[in-house]
Amino acid sequence: MRARSILVMAAASACVLLPATSASAGTGPAPSPGKQNSTARSTAPSEAGNPLSAKARAAGVCSDAYQIGATAYINRGGAHVASVKQLYSPKCQANYGYLWVWQSFRDKVKDYDVSTGVYSYARDEVVGQDWWNATNSQEFWSFPADTVKECTSAIGTLRAPGDPLPGQAATAKRC
């Protein structure tokens with residue numbers, strides 16, 4: 001329960017880290033047809049966020065989802081330990097938060113807590129959020145967020161055992 005409280009607090013305070021830049025949710029360049037086809041053949045999880053991976057399918061991610069905006073990073077001890085991305089599906093009209101834990105962190109730290117979701121500026125809340133406690137997985141997807149017509153940022157948190165607060169990151173604001 002304490003870990004969940006910490007994650008909820010961290011997600012709620014993520015808006016402090018949100019940059020003031022903006023871009024349009026569905027206007028980023030879509031992957032070229034060739035790139036979409038090569039991704040479609042693989043179901044392997046990847047740092048880029050493969051919407052066909054088993055964990056993406058379990059979270060309800062649409063197969064045409066692609067990254068919008070720049071990647072944000074969670075740091076610990078001066079080093080990147082996880083990346084946070086926002087993905088968009090034109091077919092399903094949904095946004096997703098995606099968090100990938102770097103292997104160098106996973107090799108050193110076991111059983112960390114993670115959360116990811118999509119922050120809606122219009123609602124002032126995190127939409128589609130999911131969280132995992134005491135995990136050593138690498139790939140984490142939020143549930144679909146019905147936020148395509150809103151300004152959003154993907155957010156993510158990661159807390160290692162013994163850390164009083166999680167590290168967190170948010171992608172740039174997209175409208």
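Modeller: A residue is called buried if its relative accessible area is under 20%, exposed if over 50%, and partly exposed in between. Please bear in mind that this is a predicted model.

Colleague: Why does Ala170 count as buried?

Modeller: The relative accessibility of Ala170 is 11%. The limit for a buried residue is under 20%, so Ala170 counts as buried. Ala170 has its place in strand β8, residues 167-170. The C-alpha atoms of Ala170 and Thr71 are 8.6 Å apart, although 99 residues separate them along the chain.

Colleague: What are the elements of the protein, from the N terminus on?

Modeller: The protein contains four helices and eight strands. Their order from the N terminus is α-α-α-β-β-β-α-β-β-β-β-β. Of the 175 residues in the protein, 45% are buried. Among contacts with a separation of 6 or more, 62% join residues 24 or more positions apart.

Colleague: Which strands make up the open sheet, and in what order?

Modeller: The open sheet has four strands in the order β1-β2-β3-β6, and their pairing is antiparallel.

Colleague: What makes β1 and β6 stand at the edges?

Modeller: Each of them has a single partner strand, so one side of each is left without a neighbour in the sheet. On average, neighbouring strands of this sheet are turned by 20° against each other, direction ignored.

Colleague: How do you know that β3 and β6 pair?

Modeller: A pair of strands requires at least two bridges. β3 and β6 have three bridges, in the antiparallel sense, and therefore they meet the requirement. One of the residues concerned is Trp100, whose bridge partner in β6 is Glu139.

Colleague: How many bridges join β1 and β2, and how many join β2 and β3?

Modeller: β1 and β2 pair in the antiparallel sense over eight bridges; Asn75 has His80 in β2 as its bridge partner. β2 and β3 also pair in the antiparallel sense over eight bridges, and Gln86 stands opposite Gly97 in β3. With at least two bridges as the requirement, both count as pairs.

Colleague: What lies in the turns of the hairpins that β2 forms with β1 and with β3?

Modeller: Two residues lie between β1 and β2, and Gly77 in that turn has a positive phi of about 60°. Four residues lie between β2 and β3, and Gln93 in that turn has a positive phi of about 50°.

Colleague: Why is strand β2 described as largely enclosed by the rest of the structure?

Modeller: Nine of its 11 residues, in the stretch 79-89, are buried, so β2 is largely enclosed by the rest of the structure.

Colleague: What makes the phi values of Asp111 and Ala134 worth a remark?

Modeller: Most residues other than glycine have a negative phi. Asp111 has a positive phi near 55°, and Ala134 has a positive phi of about 50° although it is not a glycine. Asp111 lies in the loop between α4 and β4, while Ala134 is in strand β5, residues 125-135. At a relative accessible area of 45%, Asp111 falls between 20% and 50% and is therefore partly exposed.

Colleague: How many aromatic pairs does the structure hold, and why is the pair of Tyr73 and Trp102 given its class?

Modeller: There are six aromatic pairs. The ring centres of Tyr73 and Trp102 are 6.0 Å apart and the planes stand at 85°, so the pair is edge-to-face; the limits are within 6.5 Å for a pair and over 60 degrees for this class. Tyr73 lies in strand β1 and Trp102 in the loop between β3 and α4, so the pair ties together parts that are 29 residues apart in sequence. Both are partly exposed, Tyr73 at 35% and Trp102 at 26%.

Colleague: What class does the pair of Trp132 and Phe140 belong to?

Modeller: The centres of Trp132 and Phe140 lie 4.8 Å apart, with 55° between the planes. Stacked requires under 30 degrees and edge-to-face over 60; this pair is therefore tilted. Trp132 is partly exposed at 23%, whereas Phe140 is buried at 1%.

Colleague: How do you know that Lys55 lies over the face of Phe140?

Modeller: Lys55 is at 5.7 Å from the ring centre of Phe140, and the limit is within 6 Å, together with an angle within 35 degrees of the ring normal. Lys173 likewise lies over the face of Tyr121, at 4.5 Å from the ring centre.

Key:
Residues are numbered from 1 along each chain as its sequence is written. This is a predicted model: local features need pLDDT of at least 70, side-chain atom pairs count only at pLDDT 80 or more; totals for chains, interfaces and linings use all residues. Side-chain values use heavy atoms; hydrogens and water are left out. Buried means under 20% relative accessible area, exposed over 50%, partly exposed in between (1.4 Å probe, protein chains only). Axes are lines fitted to C-alpha atoms, for helices over the stretch in contact, and angles run from 0 to 180 degrees between N-to-C directions. Contact means heavy atoms within 4.5 Å.
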